Amino acid sequence: MRILLWHVHGSWTTAFVQGPHTYLVPVTPDRGPDGLGRARTFDWPESVVEVAPGRLRAEDVDLLVLQRPHEFELARRWLGRRPGVDVPTVYLEHNAPGGNVPDTRHPAAGRPGLSVVHVTHFNRLMWDCGTTPTTVIEHGVVDPGPLWTGRLTRAVVVVNEPLRRGRTTGTDLLPYFAGAAPLDVFGMGTEGLAGELGLSPDRCRGRELVQRELHRAMAERRVYLHPVRWTSLGLSLLEAMHLGMPVVALATTEVTEAVPPEAGVVSNRPEVLHDAVRAFVAEPELAREAGRAARAAALGRYGLARFLDDWDRLIKEVTR
């Protein structure tokens with residue numbers, strides 16, 4: 001198949017393009033949000049081909065994968081074909097709904113010829129997609145390997161733009177958890193985080209890392225902390241489990257499905273999570289055993305082979 005999709009979510013796309021197809025990604029001279037082209041910080045195979053917008057009308061496209069509402073118009077204008085009418089189309093929804101949950105209407109609701117693909121069962125339950133057919137294809141992760149050493153007695157949080165996103169990502173909870181263990185917060189917009197939260201630099205360090213450095217840096221920390229109140233299901237959480245890290249997380253959205261009891265501690269009581277962080281940092285063998293269970297669970301449910309098989313089944317059905 002020749003599949004057209006925009007480079008929107010680097011981690012998810014890295015898994016998706018491991019399949020047996022040709023993946024066309026638009027590229028613009030400025031490599032802006034609608035034309036990022038091939039990833040520069042992820043390893044993508046040669047089957048991912050950059051195409052300028054002006055060339056798209058001449059391309060054979062078997063399947064269109066939309067991920068943002070304005071891509072309906074982009075596809076019509078750049079491709080010269082109507083999504084779901086002139087070309088088989090699925091709308092991939094990465095996110096949990098915002099706004100008036102659970103009454104948030106999905107932008108693909110009621111559009112003819114489309115299917116909506118959710119990445120979690122929670123998201124599917126919460127979005128109002130009307131009569132548009134929906135399905136769930138859970139995340140798949142390119143296995144980074146069991147890299148965990150836990151040699152640093154610190155907790156790691158992975159989040160982009162924590163100050164802008166605030167309570168959504170649990171940024172307000174970080175000072176409380178910094179009392180249980182020093183925190184390393186990796187992601188975009190994390191520089192200066194300690195000062196903004198009133199923490200000393202030794203209790204909270206922010207840093208942006210490229211993907212090839214992120215996994216090893218995560219694996220050196222003793223425990224993975226996921227204080228997010230409202231999100232889909234963070235791929236960084238699943239990557240931490242693949243690394244063999246114990247997980248301490250809020251019991252929100254899909255987390256209770258992803259993290260079994262033996263893999264860490266999941267609760268909506270901050271004091272329970274605080275004590276869990278402290279315990280994992282103090283007891284490396286406890287952390288090691290929970291990390292082994294986390295990795296086994298992640299490989300069993302979020303492995304790459306299952307993810308690609310699920311997508312291939314859907315692709316065949318939609319394009320048939």
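**Aromatic pairs and a helix**

Guide: The structure holds 9 aromatic pairs; rings of Phe, Tyr and Trp (its six-membered ring) pair if their centres lie within 6.5 Å. This is a predicted model: local features need pLDDT of at least 70, side-chain atom pairs count only at pLDDT 80 or more, and totals for chains, interfaces and linings use all residues. Residues are numbered from 1 along each chain as its sequence is written, and side-chain values use heavy atoms, with hydrogens and water left out.

Visitor: Is the pair of Trp-6 and Trp-78 stacked, tilted or edge-to-face?
Guide: Planes under 30 degrees apart count as stacked, over 60 as edge-to-face and the rest as tilted. The ring centres of Trp-6 and Trp-78 are 6.1 Å apart. Their planes stand at 40°, so the pair is tilted.

Visitor: How many residues apart in sequence are the parts tied together by Trp-12 and Trp-311?
Guide: The two ring centres are 5.9 Å apart and the planes are at 70°, so this pair is edge-to-face. Trp-12 lies in helix H1 and Trp-311 in helix H12 (residues 304-319), so the parts tied together are separated in sequence by 299 residues. Helices here are DSSP runs (H or I, at least four residues), and strands too (E, at least two), numbered from the N terminus.

Visitor: Is Trp-311 buried or exposed?
Guide: Buried means under 20% relative accessible area, exposed over 50%, partly exposed in between (1.4 Å probe, protein chains only). Trp-311 has a relative accessible area of 2%, so Trp-311 is buried.
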